[in-house]
Structures are given as structure tokens and as C-alpha cells.
There are 2 protein chains.
Amino acid sequence: MEIPEAKTIKDAAKRIASYIHRTPVLTSASINAILQTNIYFKCENFQKVGAFKYRGATNAVQQLSESQLQFGVATHSSGNHAQALALAAKIKNINAYIVMPENAPKSKKDAVIGYGANVIECAPTLEARESTTEKVLQDKNAYFIHPYNDYNIIAGQATCALELFDEVPNLDFLLSPVGGGGLLSGSALAAYYFSPNTKTIGTEPSGADDAFRSLQEGKIIPSTTPKTIADGLLTSLGSKTFPIIQQHVKEILTVEESSIIEAMKLIWQRMKIVIEPSAAVPLAAVMQNQNLFTGKNVGIILSGGNVDLNKLPF
Amino acid sequence: MEIPEAKTIKDAAKRIASYIHRTPVLTSASINAILQTNIYFKCENFQKVGAFKYRGATNAVQQLSESQLQFGVATHSSGNHAQALALAAKIKNINAYIVMPENAPKSKKDAVIGYGANVIECAPTLEARESTTEKVLQDKNAYFIHPYNDYNIIAGQATCALELFDEVPNLDFLLSPVGGGGLLSGSALAAYYFSPNTKTIGTEPSGADDAFRSLQEGKIIPSTTPKTIADGLLTSLGSKTFPIIQQHVKEILTVEESSIIEAMKLIWQRMKIVIEPSAAVPLAAVMQNQNLFTGKNVGIILSGGNVDLNKLPF
């Protein structure tokens, strides 16, 4: 497989259209007034399973052949990809095996189990995660679907920006958070093909700035000891996401934790919508770099809304 | 003035249309599955100033004559009516004087001041509130606009249910929270005129069940020592709202505090939207009376989304 082309992304959009929500694009007069800019929020917090991840998972699962499908799918994830793959598999009526660290919140495990998937617990280390997944793949003969380092996943995530460009044709900037890079690489490809005057910018917590440093150094710098409230952005870039980001993303802006919390609160208060900390990172970047965005049309992907209400930062 | 007729409510809807948001009606497959019912949420948390109150305030202010407008408007409120009247006055380019108890949260005072209104502080008693308002009215010659006991306010609040009936024609029930009764009386009138097969039910915290008792005893029982997290529902019914409720509302359901918090959390978690505790009261009533609503089409007015994020009950 190759880097998704324009047609690949359009095909993905058609393939998943009946399974996903076409999420709304919201604006906030008061946030625009405060920041002196025109922000268009693409609300993937309203997506099924509460995050954009359902786009990629659906695009991947729907393309599997009968023989690939027969033993089910598997992944390792403690986050939104776990729920996304669980639901995508349920829709296709196949088994899903989700490897999760044993210290993952019970609410997340319950959500995955609620979609009918099997949760396999492992020790909370990358090594245990990978070896446990390897064992599951061998035992169950299941088909592995990576959370982001997979062109079908990237093409699925790209459909989000595609919808946004459909609705808002004159964006100067598109801001996306970056963790493993599935959403950012997909968004950058969509901008390149469908909205070439839009500049895609990655946004990242300074406490987990591996993508920023990777872009600077020209090679993947692993995320070793990330420290941020944005728990969806802890992972390292992948061999498939990084080259796309290198080619199509000119800049990654890093933001402070206090800005993330402030941005999250601003969105909750002014827009009356629930977003998770990772989704607040792009607005935090606008807040920290107002000179860059004054008077501009800025697209922001609100990546998800899955937050533990018992552990809010305010 | 008389009890609003069908035409009065239709006229109010036309009058305020360009000033308000036509708020979305949302559904949640997961909440419907949990409660075995079909709920249509009318999202007034997305209304301007974050609550339905802006409908009534706009309808009232927009009808004032030049002579009534010239010295501005006044009210006493520590809640959403304060912000609603402040913004309605700002739009009309007139002064607004809002009497607020001195212990009202700073964030609420700031919001009112942010809309350009004058805040006049008073001691936190009903007596001080009324005497201070009286003094403001005399000093400033301003026009008094009551938070709910006013037919223009009632007709304005009725436009919310009118929009909901427009969009969902087959509702078996319409559930509204009840405090002073502006929203409930308006909703019941709208159902009577425009959706006569829909039964309007009031919902109220059991810790502030004065409307429930008023309906039972056939006279207004004042709300003396209300105790509930639903801080928008502390007031007593009025001489104009009560007779309408007596005539058109067959039932008021009371709910426990724990149900209110559970309902609020369910909406935040599943729908990814921010609502205030008062807005969760109708869903709490469905949760506590599932037998009544199984398989039915239920309209719920999510009355507002103004909540102090630093004082959440979870």
C-alpha cells in the first residue's frame, strides 16, 4: 500500500458515510471576539464512540476481506482507538480483541466490553503491550489494526478534514493535535488535495513534544516520558505517519499545560460542549500565538470528548 | 394583558427569530437504549446567554414602546434572567439595571457586566431584593421586567416548545423543569395550542417541591427553604404562571438530588454537552419513572448550560 491519494480519501469517505456521524462545524462568537479570529470547530467529540478514531477504525475494518475478517481484529490501546475498533467490529459482526494495560480506568474497559469486545489485560509497559498483542494475534489468528500507523486508518481520519473543507472553503489554517500522527497526517493530506491554500499546523503539549522534535531533527524521536493532561497524545509518530507530516506539515506548535486547561475550560463554558484535554490543544495554540491567527479563518478539529468527569482539572 | 393565545406565541416567535438561536434537537441512541424510550432534547443550553431565558427577555424588551425604553429596564435575578435581560437591553441599546444579591458568584456578576448592564448589589434576602429593586425603579425610572410572572416572558419561553413541536410532531410527553413557572406555563400553552396530543409534565427537585404542592393544594405555596443543586428552580410560582399550570399541566414529578446528578452526568458523558443541574431534572424524572415513559416519544427541554465548572457535583 501507498500513501493515500485524493481518490483514496474520497473513497474512504463514501465507504464510512453510513456508519459515522457527519459531525457539525460550530463557531463561537465570544471565543472569536476574545481571540480576534474566526475559528471553525469540527466537532468530533460528537462522533460515534466520542472521537474521530471511529472514522479510521471503520475504514480499516470495512475493507477487510472475508478471510481477514473471519478470526476477528485486534489492537492495543487504552484510549479511543480501543472503543472505535470495538464498535467497528461489532457493526461488522466479528470478534475484537483489545489489549489494555491493567491500570487503564475501569470506565474505559467497561466501554470496550460494552461494545462486545474482549479485553485482554497486560502490564502497563510498552513491552508487555506488544508481547501480549503478539500472543493474542497468534492464539486467535486475529487481524491486527494499528491505532495510527496504517494507511487505511490515515485515510479514514482524513475524511474529517475533508468534511470541514466541504463546509468551510476558505480556511487559512487547519489545526490538529498530534499524538501518533494519524489525524495530523490525514488532515495534512486532505488539505494538500482538497484545500491547497490551507496551511496545516500540528499542535502538541510541550510535555510531550516528540513530534515537534522529530520534525526539527528529521527523524522520529520516540515519546519516552511524556507528561501531559492530554492523554490522547502520549504516543510516538510512526513510520507511515511521519513522512507525510514531514512533507505536508510546515509547523508544529507546542503549548503549556495551563493553556490546555484554559482552552478546555473556555470551550466548555462558552460553547457548552464537552471535549477531552487532547482536543483543547489546538485552541491552546491559538491562545499562545495570537499574532499568527489574528483575523484569519482557522479550522480546529475537536478530536474527542471522552473525559473522566470525576477527574477534571478544574 | 391576557393569557397568551396561539397567535401571541406565534407572533413572539416571529418577533424574536432574528435575535435568538434556533437551537438543535438532539437525540442519544445510548440514553434511549438505557431508558427504553425516545427522547428528543431541545438544547437551550446552546441558546444565547446559555439558557431559554433569552427568549422571554427578548420578547419583552422588543415590545416596549419608545417611552418605556427611554430609561432602560430593570430586574432582580442572580441567575440566567439577569444575563438574558442584560443582553436583550444591549441589543436594543438601552440601559439595564440588574439587582443581584451581594453573595452571587463573581462569575455571574461579571457576565452581566460583560453585557454592559449595571449591577446593583443588595443583601441576600427577598426583602432586600425587592426594596432595592423598588429604589432602582424610582431612582432610574427604569421599566421592570419580571423573570417569569409576565405574559410577554411566558409567550417568549413558549417559543421553545413551539420549535420543538415543529421539528418533532408526535411527542407523547413534554417535560420541563419548573421554578417560577415561566418555561413550564409557556410550554404547556404551546402544547395545548400546537400539539394537543402531547401531555406536558412539570419536573421539580423534591428539595424544592413548592410547585408540586401548589398544584396539589390548589394555591400557590411559596418556596421558603428550597434545598437543591438545581439553582435555577428555587423561586415560587407567580400569579400569572400558576393558573396556566393549573389548567394545562396535569402532573408534576419530583426527583431526588442523586437522580439529578446522575442525569446530568449521563447527558455530559453520552451527549458531550454541558448542561446545568436544573436542566437535568426532566431526565431525572424519566429515570425515576421509567414505567411511565417506556416506548414513548418524550420531549425534554434542556433549559440551560450555565454551570460553575469549579463547583461540579462529580
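1. Strand β3 (residues 73–76) of chain A pairs with β6(A) in the parallel sense, over two bridges. Within that pairing, A:Val73 has A:Tyr143 of β6(A) as its bridge partner. The coordinates discussed here and below belong to a predicted model.

2. The pair is part of an open sheet in chain A, in which four strands run in the order β5-β4-β3-β6 with parallel pairing. The edges are taken by β5 (118–122) and β6 (143–144) of chain A; each has a single partner strand, so one side of each is left without a neighbour in the sheet.

3. On confidence: the mean pLDDT of chain A is 96, and 100% of its residues reach 70 or more. For the complex, the predictor gives an ipTM of 0.94 and a pTM of 0.95.

4. In chain B, an open sheet of four strands has the order β5-β4-β3-β6, and the pairing is parallel. Its edge strands are β5 (118–122) and β6 (143–144) of chain B, each of which pairs on one side only.

5. Strand β3 (residues 73–76) of chain B is joined to strand β4 (residues 96–101) of chain B by four bridges in the parallel sense. B:Val73 has B:Ala96 as its bridge partner in β4(B).

6. Which strands of the chain B sheet does helix α5 touch? Helix α5 (residues 80–91) of chain B packs on the sheet against β3 and β4 of chain B, and its direction makes about 165° with that of β4(B). Helix α7 (residues 126–140) of chain B also packs on the sheet, touching β3, β4, β5 and β6 of chain B. The direction of α7 makes about 160° with that of β4(B).

7. A helix pair in chain B also deserves a comment. The axes of helix α12 (residues 257–271) and helix α13 (residues 277–288), both of chain B, come within 7 Å and cross at roughly 105°.

8. By class, the residues of the contact divide into 11 nonpolar, two polar and one charged.

9. How many residues of chain A are in contact with chain B? The contact involves 14 residues of chain A and 14 residues of chain B. On the side of chain A that touches chain B, the residues divide into seven nonpolar, five polar and two charged.

10. Chain A is superposed on chain B by a rotation of 180° with 0.0 Å of shift along its axis, at an RMSD of 0.0 Å. That is the relation of a two-fold axis. Of the residues of chain A, A:Ile273 comes closest to the rotation axis, with its C-alpha at 2.1 Å.

11. Of the interface residues of chain A, 100% are also interface residues in chain B, so the copies meet through the same surface.

Note on methods:
Residues are numbered from 1 along each chain as its sequence is written. Chains are lettered from A and ligands numbered from 1 in the order in which they are written. This is a predicted model: local features need pLDDT of at least 70, side-chain atom pairs count only at pLDDT 80 or more; totals for chains, interfaces and linings use all residues. Axes are lines fitted to C-alpha atoms, for helices over the stretch in contact, and angles run from 0 to 180 degrees between N-to-C directions. Ala, Val, Leu, Ile, Met, Phe, Trp, Tyr, Cys and Pro count as nonpolar, Asp, Glu, Lys and Arg as charged, and the others, Gly among them, as polar. Two strands pair if DSSP finds at least two bridges between them. Two residues are in contact if their C-beta atoms, placed from the backbone, lie within 7 Å. pLDDT is the predictor's confidence in each residue, from 0 to 100. Copies are superposed by least squares on the C-alpha atoms of residues with pLDDT of at least 70 in both.
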